[in-house]
Each structure stands twice: as structure tokens, then as C-alpha cells.
Amino acid sequence: MKTISPKHQLIAKAGSVYLTLILTGIFAHFFVRAGIIEPGNAAATAQNILNRDFFFRLGLVSDLMFIVSFIFLGLIFYRMFQTTNKHYARALLAVVLVSGAMMGVNVLNQFAAQFVLGGNEYLAVFSEQQLQALSLFFLDLHTHGVHIGHLFYGLWLFALGYLVMKSDLFPGVWAKIFGGLLIAGAVGYEIDFLSYFLFPAYFGAISEFATIPANLGELSLCIWLIFKGAIRKDKHRVVYTAINSEK
């Protein structure tokens, strides 16, 4: 009976984990935080958190699932690419582990933003307006932490792009397309990081375009991994069924 090779098993796993990472990241950022946080308006933001308490917690859990998926994806890619270039594969995994830990700590800022609004007795020394301001302060800290993380996410994309371009797992033209987009995306994330902290006046205009190559590269790579893994599984299923029918 023909079996699926270990590399194609890793491809299938990478596709499903990458999809989980993308979906959880989109949900937490664009559906939860974007719908709850009112920049510069502490009272409105606090009221949104209190009115949509479970939804806010769901976004927090989604962020944690994103982090777990990111770490697992780093481990899978390390196994996939360690024969391609062990130094870059190790660098990729190291960046993933460091940035994953940083993101985990940063999630505490989101939890703190909700916690200070929870009505705990020892917080009664603060006025309602002060607690609302503290809540928005923690959310702003979280935003700063996200952009610090972009420095490391850019490094991850550069290592991944290089490994994709050098790997024999991808057809020549696709390796260049995926790898090129990921490396361009890595540059975009570093530009996003620098503009946020060094040139905040221009950040809004720059950030709209800086991460587009990364978004295209990651999404297309994810789709290819899912498709390739599904095709291989289907071929294996057809072969297995044919062999059994002959018995």
C-alpha cells in the first residue's frame, strides 16, 4: 500500500495550522478589537468592553490560539526546512519562540484592560474616569507591543521566504513567487515597525501599504499548502481504495 511521505504529512499539517493562525488573527484584530476600541475615547471603549464582555474575552482567547498556532507552525516549518538550510531553519524557530513569548506577555495588557473595569473592591480608590483611562492605557500598551512584535515577525518572514525559495518542496516558479512575496513582506514589516516608532506622523499612510506583500505571500502560501496536502491525501485515499477493492 502506498503511504503519504513524512514531508507531505508536514505540508498538510502546515496548511491547516497556517489557516488557523490567519483566521484567529483576523478575528481578534479586525472583528473584536476594531469593533470595541474607540481610539482616544476611554469612556466609550470601557462601555464597549462592559457591554460586550464575552466577545472581548473571545478575542483574547483567539489571540492565544494565534500564538499557539504560530509556535506549532514554527516547529512544523523547522522540520520541513531543516534539510534545506539548517541555520535558517534554526533562526526561524528561534524567532518564532521569542516572538511567541512576547505576544503571550502582551495579551496580559488586554486582560488588564478588562480587569480594571471588573468592579473589584480594592479598585474603589480610583474614580470611574480613572479606571476607564487605565483600561484604555493598557489597550494602548497592547498596541505598542503588537508593533514591537512586527520587528520579529519581519525576521520570521525573511527566514521563511528564503527557505521557501531554496526548498525543493515547491515548484520553481511558485518558490520564487512565494519566497519573493514573503521577503518583500519582511521588509514591509520592518518599515511598519520603524515608521510607528520613529515617524508616527507618517505611520498611517505607510502602514496601509507596508504589509500588503506579506498578506499576499502568507495567504497564497497557506492556500498552496492546504491544496497540496489535500491532493496528496486524496491520491493516497484513491490508491488505498483501489488496493482494497482488488483483494
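## Reading contacts and surfaces in a predicted helical model

Q: Which side chain meets that of D63 in a salt bridge?
A: The partner of D63 is R33, with 2.5 Å from N to O; the term denotes a side-chain nitrogen of Lys or Arg within 4 Å of a carboxyl oxygen of Asp or Glu. D63 belongs to helix α3 and R33 to helix α1 (residues 6-36), so the pair ties together parts that are 30 residues apart in sequence. Both D63 and R33 are buried (buried: under 20% relative accessible area; exposed: over 50%; partly exposed: in between; 1.4 Å probe, protein chains only).

Q: How many salt bridges does the structure hold?
A: The structure holds two. Besides the pair of D63 and R33, D53 forms a salt bridge with R57, the closest N and O atoms being 3.1 Å apart. D53 and R57 are four residues apart in helix α3 and are therefore separated by about one helical turn. D53 counts as partly exposed because its relative accessibility is 32%, and R57 likewise counts as partly exposed, at 41%.

Q: How many helices and strands make up the secondary structure of the protein chain?
A: The protein chain has eight helices and zero strands, where helices (H or I, at least four residues) and strands (E, at least two) are DSSP runs, numbered from the N terminus. From the N terminus on, the order is α-α-α-α-α-α-α-α. The C-alpha trace spans about 75 × 45 × 25 Å along its principal axes, and buried residues make up 42% of the 247 residues.

Q: At what angle do α3 and α4 pack?
A: Two packed helices are described by the angle between their axes and the distance between the axes. Helix α3 (residues 53-81) and α4 pack at about 170 degrees, with axes 9 Å apart (lines fitted to C-alpha atoms over the stretch in contact; angles from 0 to 180 degrees between N-to-C directions). The two are therefore roughly antiparallel, a term for angles over 145 degrees. Their contact divides into 19 nonpolar, six polar and four charged residues (nonpolar: Ala, Val, Leu, Ile, Met, Phe, Trp, Tyr, Cys and Pro; charged: Asp, Glu, Lys and Arg; polar: the others, Gly among them).

Q: Which residues form a nonpolar patch on the surface?
A: The patch consists of V98, M102, I148, L194, F197, L198, F199 and Y202, with about 760 Å² of accessible area together (Shrake-Rupley method, 1.4 Å probe). Such patches join nonpolar side chains (Val, Leu, Ile, Met, Phe, Trp, Tyr) within 5 Å, from residues with over 30% relative accessible area and no salt bridge. α4 (86-115) and α6 (172-198) each supply at least two residues, and α6 gives the most, with three. L194 lies in helix α6 and is partly exposed, with a relative accessible area of 41%.

Q: Where is E121 found?
A: E121 sits in the loop between α4 and α5 (128-166). E121 is exposed, at 74% relative accessible area, and stands 46 Å from L157, C-alpha to C-alpha, across 36 residues of sequence. G118 lies in the loop between α4 and α5 and is exposed, at 55%. G118 and L92 are 26 residues apart in sequence and 40 Å apart in space, C-alpha to C-alpha.

Methods:
Residues numbered from 1 in each chain as written. Predicted model: local features only at pLDDT ≥ 70, side-chain atom pairs only at ≥ 80, totals over all residues. Heavy atoms only, no water. Patch = residues over 30% accessible without salt bridge, like charges linked within 9 Å, V, L, I, M, F, W, Y side chains within 5 Å. Parallel < 35°, antiparallel > 145°, perpendicular 65-115°, else oblique.
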